[in-house]
Amino acid sequence: MRGLAHGCLWAALLVAGPSLAQEEAPDAPPPSAGAKRTEALFEEGEAPDPEALDIYEKISRPRGSYARLLLSTGFGGGLRFNNPYRLATQLGESAESVSATAPYWDLGFGATFGNPFGVQHGVVAHLGVSLVGVPQQSINASYLLLYREAAWMLRARAGPTLLISPDVNVGGELAFGGAYFLTGGLGLDLELVGDLFYGAATYETRYSVIPVLSLQGGVIVDFEVLP
């Protein structure tokens, strides 16, 4: 009887042993998110490809900042709404009336940063050179506000302007412009520019105020620096 009891006990342990081992074995830790993403790059049973791992590492790196570089050039002309020095090209009946400024060439370079799908902020510099009459050059540095949607771009800028010749003078400039892009980076540009300068004294006033309104058009290049 004792031998039969021992035999039954051993038989029961052999049957229940695997189930008890499975219940007592600790659960394996779940795979990490990185491991899941890496395993997704390869088919089951394949060894990791070093080139694929290198590509995955590059696309997983943190991205940089978005930027937009602008280059514009064109020609323009303006109206002078006060002519205290009796300059030529008057448009009215007297020398004190509205007069035309000399045509000029303009070159601009700027950069903006921010949301590529929204309003962007930046800076822009413009160089203006008169084409006829008394040689005159001006330099403007402005804060730039820009928005582009598909083929259209709108922008506004404001900042000081320095007249280099014939006489050094400092004024302010405010401009609003738009562009239509024929390709992704090349477009037609149009800008309305307002300037305000203070001049020397005349017989009528202690100092003269000279507002100028100009319209300039040309081409613009938009280069996007992707993150």
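**A predicted chain of helices and strands**

Guide: Of the 227 residues in the protein chain, 28% are buried (under 20% relative accessible area; exposed is over 50%, partly exposed in between; 1.4 Å probe, protein chains only). This is a predicted model: local features need pLDDT of at least 70, side-chain atom pairs count only at pLDDT 80 or more, and totals for chains, interfaces and linings use all residues. Numbering starts from 1 along each chain as its sequence is written, and side-chain values use heavy atoms, leaving out hydrogens and water.

Visitor: How many helices and strands in the protein chain?

Guide: 3 helices and 9 strands. Both are DSSP runs numbered from the N terminus: helices are H or I, at least four residues; strands are E, at least two. The order from the N terminus is α-α-α-β-β-β-β-β-β-β-β-β.

Visitor: Which strands pair with β9?

Guide: Strand β1 (residues 67-80) pairs antiparallel with β9 (residues 208-225) over 14 bridges. Strand β8 (residues 186-199) also pairs antiparallel with β9, over 14 bridges. Pairing takes at least two DSSP bridges between the strands.

Visitor: What does L70 bridge to in β9?

Guide: D222. Also in β9, V212 stands opposite D195.

Visitor: New topic. How many aromatic pairs in the whole structure?

Guide: The search finds 1. W152 and Y180 are tilted, 4.8 Å centre to centre, with 55 degrees between the planes. Ring centres of Phe, Tyr and Trp (its six-membered ring) must lie within 6.5 Å; under 30 degrees is stacked, over 60 edge-to-face, the rest tilted. W152 is in strand β6 (residues 152-165) and Y180 in strand β7 (residues 169-181), 28 residues apart.

Visitor: Why does W152 count as exposed?

Guide: Because its relative accessibility is 55%. Y180, at 37%, counts as partly exposed.
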